[in-house]
Amino acid sequence: MAIDKIWVLAESADGKPTTITLELLTAARSLAGTVEAVGWGDIASCAATLGEYGATTLHDVGDLAGSLPGVPVAAAMAAAIQAGDAPDAILIPATYDGRDVAGRLSVRLDRPVLTNVVGLAAVDGGLETEHAIFGGAQVAKARFTGDGPGLFVVRAKSFAAEASGGGPAAVSPLAVPDTGASGSARVLARHVEERTGPKLDEADVVVSGGRGLGDKDHYAMIEELAGLLKGAPGASRAIVDAGWVPYAYQVGQTGKTVKPTVYLACGISGATQHLVGMKGSKNIVAINKDQDAPIFSVADLGVVGDVHKVVPKLIEAIKARS
Ligand SMILES: Cc1cc2nc3c(=O)[nH]c(=O)nc-3n(C[C@H](O)[C@H](O)[C@H](O)COP(=O)(O)OP(=O)(O)OC[C@H]3O[C@@H](n4cnc5c(N)ncnc54)[C@H](O)[C@@H]3O)c2cc1C
């Protein structure tokens, strides 16, 4: 199966393509001659940026009139593919809507899906995927052997987003066929999580706290330090499970993948499931009282000490400089 054309499922938020959409377009550009995007809602207003990152065409499913995207978007894509406009591969963000579209598209096309993809390479005319397994300790490789299109659900931060300088993508409407009763679910309300600083998975600095903080109230110093560094606060799963912070703060295998310029781990042991979500950070600083803690195996700078002493000193020093 030669890879001539790839579709990327494009998502937008606040009138801009999401970062993972731009990451997938960048990856697709290096793998196929033609890259096209498929999106919905206000995606047409993103045609210029999608083009800058490599999409020549934007297939626009349009306004979904309050529907959950999964049903109409998968139906529209499947209908176009069955009518003959089939790409060789479809890259889908590992997001709630992306996973929904992937599952439904898989059923409609009777094609399997490769999920949790963290790497993609063109090998022998097809695509070879990489999947982090055993908490990121091993990498498994896979590829499709049957007919296309191959469906790939890709995790955020698997690729760096880089613009190529292309012109705006040409917008082409993609019709939604009748979806019957399955299309009747409606979005009634949206809850936007309150946040003051940058988003965890887009922040340049991430300060994460773990069980070593001792109790919930001590997490306030993590938030203060993150704020002073204009970064985002993060967490290990241990303190999310303990109810100290919401799940949206969790970094790791079952949380968010982050790749900031600086990742500061405070009182985190460095279990493989945590490391897989942050070891791609450019500079890792760890504070832990146990000099044998596994977090030090990935740290560029390790401080063997008590978080309750080191973090307040750090806060004091930063305040003294500003
Ligand atoms: C399927 C699966 C998925 C998982 N997914 C994730 C995930 O996405 N993210 C994640 O984080 N975990 C995940 N986990 C859990 C993971 O295995 C660990 O249990 C968890 O990361 C531990 O969190 P922690 O480092 O905060 O706590 P601990 O492992 O208890 O470590 C606390 C650390 O704090 C240090 N410490 C204690 N007191 C102090 C002090 N005063 N000053 C300095 N250091 C101190 C200790 O030396 C220790 O190293 C997953 C587990 C499973 C099985």
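A residue is buried if 20 or more other C-beta atoms lie within 10 Å of its own, exposed if 12 or fewer, and partly exposed in between, with C-beta atoms placed from the backbone. Keep that handy for the exercises below. This is a predicted model: local features need pLDDT of at least 70, side-chain atom pairs count only at pLDDT 80 or more, and totals for chains, interfaces and linings use all residues. Residues are numbered from 1 along each chain as its sequence is written.

**Exercise 1. Find where Asp-124 sits, and work out why it counts as exposed.**

Step 1: Asp-124 lies in the loop between E7 and E8. Helices (H or I, at least four residues) and strands (E, at least two) are DSSP runs, numbered from the N terminus.
Step 2: Asp-124 has 9 C-beta neighbours inside 10 Å, so it counts as exposed.
Step 3: Now check the backbone. Most residues other than glycine have a negative phi. Asp-124 isn't a glycine, yet its phi is positive, about 50°.

**Exercise 2. Describe helix H3 (residues 70-82) and what it packs against.**

Step 1: H3 has 13 residues and spans 18 Å from first C-alpha to last, close to the 18 Å expected at 1.5 Å a residue (the expected span is 1.5 Å times one less than the number of residues).
Step 2: Among its buried residues are Val-71, Val-73, Met-77 and Ala-80.
Step 3: The buried residues of H3 pack against strand E4 (34-39), strand E5 (57-60) and helix H4 (96-109); contact means C-beta atoms, placed from the backbone, within 7 Å.
Step 4: After H3 comes Gly-84, with a positive phi near 115°.

**Exercise 3. What is the strand order of the open five-stranded sheet, and which strands form its edges?**

Step 1: The order is E13-E12-E14-E15-E16, with parallel pairing. Two strands pair if DSSP finds at least two bridges between them.
Step 2: Strand E13 (232-235) and strand E16 (301-304) are the edges, each pairing on one side only.
Step 3: Neighbouring strands are turned by 15° against each other on average, direction ignored. Axes are lines fitted to C-alpha atoms, for helices over the stretch in contact, and angles run from 0 to 180 degrees between N-to-C directions.
Step 4: Zoom in on strand E12 (residues 205-209), which is joined to E13 by four bridges. Val-206 stands opposite Ala-232 in E13.
Step 5: Helix H5 (residues 219-228) packs on this sheet, touching E12, E13 and strand E14 (262-266), and its direction makes about 175° with that of E12.

**Exercise 4. Which residues come nearest to the ligand, and which helix supplies the largest share of the shell?**

Step 1: Of the 28 residues around the ligand, Gly-210, Gly-212, Arg-237, Ala-238 and Gly-252 come nearest. A residue is near a molecule if its C-beta atom, placed from the backbone, lies within 6 Å of it.
Step 2: The largest share, three residues, comes from H6.
Step 3: Sort the shell by type and you get eight nonpolar, 15 polar and five charged residues. Here Ala, Val, Leu, Ile, Met, Phe, Trp, Tyr, Cys and Pro count as nonpolar, Asp, Glu, Lys and Arg as charged, and the others, Gly among them, as polar.

Conventions
Two residues are in contact if their C-beta atoms, placed from the backbone, lie within 7 Å.
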